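Please read them with the coordinates open beside you.

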Amino acid sequence: MEEQRLAKLLIEVGKQTPDGADRFPKARPDATENDGTRSNPENSKEYNVTRSIERVATVLAQDLAQLEGVFPRIVMQCVRELPIKLPYYGAIIGVLHSRPQTRSLAVRTVEVACFELDSALSSSDFRHMKQILRFLGELVNNKVVLAVSLADTMIGLLNAATDNGYRQELIDAVAYIVMATLPWVAACLSTSATERFETLIQMLQSHMDKRETLFSDPEFSMNSVFDALKVYRDCPADMPYQQVDRLELLWSQLRSFEAAGWESGLLIRPSFEFQEVSPVTIAKLEIPATFRNSPIPDQEPVFWIFDDSVNTPSLHLVDLPSTSSIERFILDDLTVDIIHNLSHNHVVCSELLLALPKDLNTTGWGNGVNSASVYQAIVENLIRELIKLPASQELSVYYATLLSDLCRGAPDKVPSALGRAVRVIFSRMDVGGFSGGMDVECVRRFAEWFAHHLSNFNFTWKWGDWGGVLNNPESAKFCFMRETLEREIRLSYYDRVKGTLPTAFVENGMIFPTVAPGIDFAYGETFRPTDSAFSDLVARVHRSLIQKLDAESISRVLSDLHDHHTEAFNSQEAVSMETEEAPRSEAELAFKSTHPDEVWHGNPIVRDVFIEHVLMIGSKSFSHLLNLLERNVKILHQLNLRPQDRLHTVRIVTKAYASSSQWKEIILDKLVNYRIVDPAAIIRWALDDSVLDAEAASGQSCVWTVLRNALGKVNRKVDGLRKKLEDTSGDIDMDGSSDTRRSYDAAMSEQRETFIAVFKRFSERLSKMRSDGVAESVEWRWIAGHMRNIGRIFRHELKSMIVTVESNVFQQDSAIDPTAAKIWREIKAVAELSV
């Protein structure tokens with residue numbers, strides 16, 4: 001109980017009730033609240049924080065025996081999950097350190113913090129490493145830790161990274177956490193450890209100078225990483241803004257911070273006058289040998305929604321500080337840390353984000369920060385993390401849930417900020433024409449989120465404001481609206497969504513379907529063949545499925561259909577089709593023109609009739625379909641023995657559900673699960689010229705979703721066999737003669753061949769488009785963009801087969817398209833960073 005009480009005290013430090021009173025329990029009557037360590041700040045918010053900190057220290061002094069064993073551990077947990085309150089926790093330790101009866105507890109907390117820093121280094125937890133360094137910085141501010149020792153710790157980190165020959169991106173990551181610590185402690189270091197602080201700044205300057213030289217080389221691999229992860233591409237220079245990476249931006253913000261005398265009023269710092277006590281020295285940091293293999297975080301360029309250009313003399317859109325100011329960095333960094341540290345509990349996370357203005361100095365401060373601007377920063381960072389490349393850190397539904405929670409929690413602030421963000425992003429989807437602008441994957445993710453968000457708020461949006469885009473169906477804006485509306489239908493139903501749209505959208509036909517999505521059944525009511533025997537056999541197939549006949553009985557019906565088709569086809573060779581009555585349907589035309597196979601399960605007509613009936617009868621619900629697949633899986637396997645048979649099945653499904661991308665994606669996925677078709681067949685279909693021309697090149701995401709799912713199946717098969725092999729033998733390189741090992745080798749071979757085929761097909765398509773004179777077109781944007789995205793998504797798998805894919809695709813053909821070669825270099829660079 002004492003431990004829970006202490007945790008609650010630390011979590012709620014500085015938290016206020018609506019009437020402004022602090023929420024902490026009163027100390028016992030014999031307790032002394034003020035022993036001379038507190039000043040009397042004029043700012044009421046700071047006064048309340050200071051008062052609650054003193055009460056926490058008093059409670060600890062009263063129950064020291066019960067709490068001293070758990071206090072350091074609970075503090076470090078709060079440091080990890082509540083980074084906004086680091087100044088409060090630093091002040092609490094400062095108060096404890098100034099009092100003789102609790103000084104040992106403060107010293108013990110410093111020791112635990114140093115141990116946590118070592119652990120964070122060993123586990124390559126860069127975020128926690130940054131938070132601990134900031135906490136130690138707050139201890140310096142509160143005269144608990146010697147300023148020189150913290151400066152030496154940061155210098156030691158930089159020296160270790162540069163002297164041990166770490167790769168450039170790891171040195172950058174170390175430099176970033178050192179730079180990101182300075183806004184919390186630079187003012188104190190610059191006065192209390194002036195010489196060491198100047199040495200630290202000089203080291204950072206030297207690193208940035210060397211880095212600039214490296215990046216000036218076009219062949220430097222990090223340039224390719226930067227190009228691969230840009231949100232905006234193929235745009236005029238500096239449009240919609242100059243894209244820079246995080247380290248370069250932070251360094252420029254620190255330079256502005258230095259010009260301001262290392263002072264920022266954004267963080268609330270409780271004011272205390274401590275008694276002179278010898279500060280603690282931080283133990284020397286030991287860098288583990290495994291650190292050089294650390295995964296590298298956050299290499300993507302910074303994505304802005306509310307950059308400085310959104311405010312103009314005629315329109316003031318947001319109240320945020322300039323992107324070059326340190327206040328903007330503090331706002332963004334605190335928000336992102338809260339989002340990720342509390343990803344296990346969206347309710348608590350949203351509460352902390354809503355309370356963020358109360359924990360910052362947003363009143364009476366003249367550099368563009370107020371409570372409204374804090375919510376604008378939160379919205380910007382949530383969307384930034386949602387569309388982050390190559391992949392968002394959390395599930396997309398987490399960000400969507402947080403945005404919905406925030407809109408409900410602050411209906412007078414967040415919805416307006418979110419609406420502005422959506423409109424700014426929409427306005428920039430096409431930049432400098434329709435062939436450049438937002439990355440195609442970001443457009444897809446943003447549409448997916450937007451549909452989800454609108455479904456939580458009655459599908460309410462002013463679509464009429466975007467009506468002008470209906471005249472530009474080749475634009476990314478048009479694609480975004482079409483994808484959003486399609487997903488809205490998935491989340492609700494056709495008529496519900498239709499009722500929310502202006503007439504111009506409903507009647508457009510390209511952006512919103514004229515009829516509800518459903519199955520296009522070739523053997524339905526319109527099926528009226530001239531061959532009555534064929535019609536009777538089709539009806540028998542239907543009845544056999546409805547009556548749930550066994551596989552042998554259904555096989556006899558299908559065999560009869562095959563025999564009739566063979567006889568009809570052979571007799572047709574002797575009688576010209578001109579003398580016969582014209583076929584009344586596409587199905588009958590296929591019947592008359594398709595060459596029969598020698599056996600019934602190889603006959604395309606038999607396959608077409610049977611699978612279409614399975615789809616039609618199963619279209620009532622997904623459970624109906626799964627039951628039919630399970631009951632008839634034996635026959636379905638017989639009908640799909642050869643690669644061309646499986647490709648034909650994929651085409652039957654995609655044709656039947658041409659108007660329903662949701663059913664198309666799910667059914668193909670289930671067919672792979674039941675091993676009726678294989679990923680290779682889906683990949684051949686998705687990258688066929690006819691499919692690319694009709695769907696993929698216009699920005700429809702369904703084809704690419706199906707392709708990603710198929711590649712994921714291939715990779716999961718390899719991963720499953722690898723795990724099974726490791727569990728069986730304990731070593732992936734052992735047990736080479738076992739069945740599991742042979743299956744694993746076969747799966748690895750299939751994986752390599754699959755990715756070779758995919759990238760070869762992309763390269764061929766881009767080369768053909770260039771030879772046809774349509775390079776750098778709208779179609780080019782989608783094809784090239786999805787080639788890049790496939791590489792980004794499967795970067796971990798590609799890392800082990802870079803040489804194989806490159807030698808088989810990008811070194812075989814001397815006439816390889818230059819754009820395909822450039823994209824491949826980007827994919828290679830991203831894959832090499834993955835762990």
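**Notes on the predicted model**

1. The crossing of H22 and H25 is right-handed. On the H22 side the contact is made by Phe 534, Val 538, Val 541, His 542, Leu 545 and Ile 546, while H25 contributes Ile 605, Val 609, Phe 610, His 613, Val 614, Met 616 and Ile 617.

2. As for the geometry of this pair in the predicted model, the axes of H22 (residues 532-546) and H25 (residues 604-617) come within 10 Å and cross at roughly 45 degrees.

3. Helix H19, which covers residues 476-491, has 16 residues and reaches 22 Å from its first C-alpha to its last, close to the 22 Å expected at 1.5 Å a residue. Since 13 of those 16 residues are buried, H19 is largely enclosed by the rest of the structure.

4. For the chain as a whole, the secondary structure comes to 37 helices and 2 strands, and the C-alpha trace spans about 110 × 60 × 55 Å along its principal axes. Of the 835 residues, 55% count as buried, and residues 24 or more positions apart account for 76% of the contacts with a separation of 6 or more.

5. The mean pLDDT is 87, with 90% of residues reaching 70 or more. However, pLDDT stays under 50 over residues 17-43, for which the model has 54 contacts beyond four places in sequence, and likewise over residues 574-580, for which it has 6 such contacts. Where pLDDT is low, predicted coordinates should not be read in detail.

Key
Residues are numbered from 1 along each chain as its sequence is written. This is a predicted model: local features need pLDDT of at least 70, side-chain atom pairs count only at pLDDT 80 or more; totals for chains, interfaces and linings use all residues. Side-chain values use heavy atoms; hydrogens and water are left out. Helices (H or I, at least four residues) and strands (E, at least two) are DSSP runs, numbered from the N terminus. The expected span of a helix is 1.5 Å times one less than its number of residues. Buried means under 20% relative accessible area, exposed over 50%, partly exposed in between (1.4 Å probe, protein chains only). pLDDT is the predictor's confidence in each residue, from 0 to 100. Contact means heavy atoms within 4.5 Å. Axes are lines fitted to C-alpha atoms, for helices over the stretch in contact, and angles run from 0 to 180 degrees between N-to-C directions. A crossing is left-handed if the near helix is turned anticlockwise from the far one by less than a right angle, and right-handed if clockwise.
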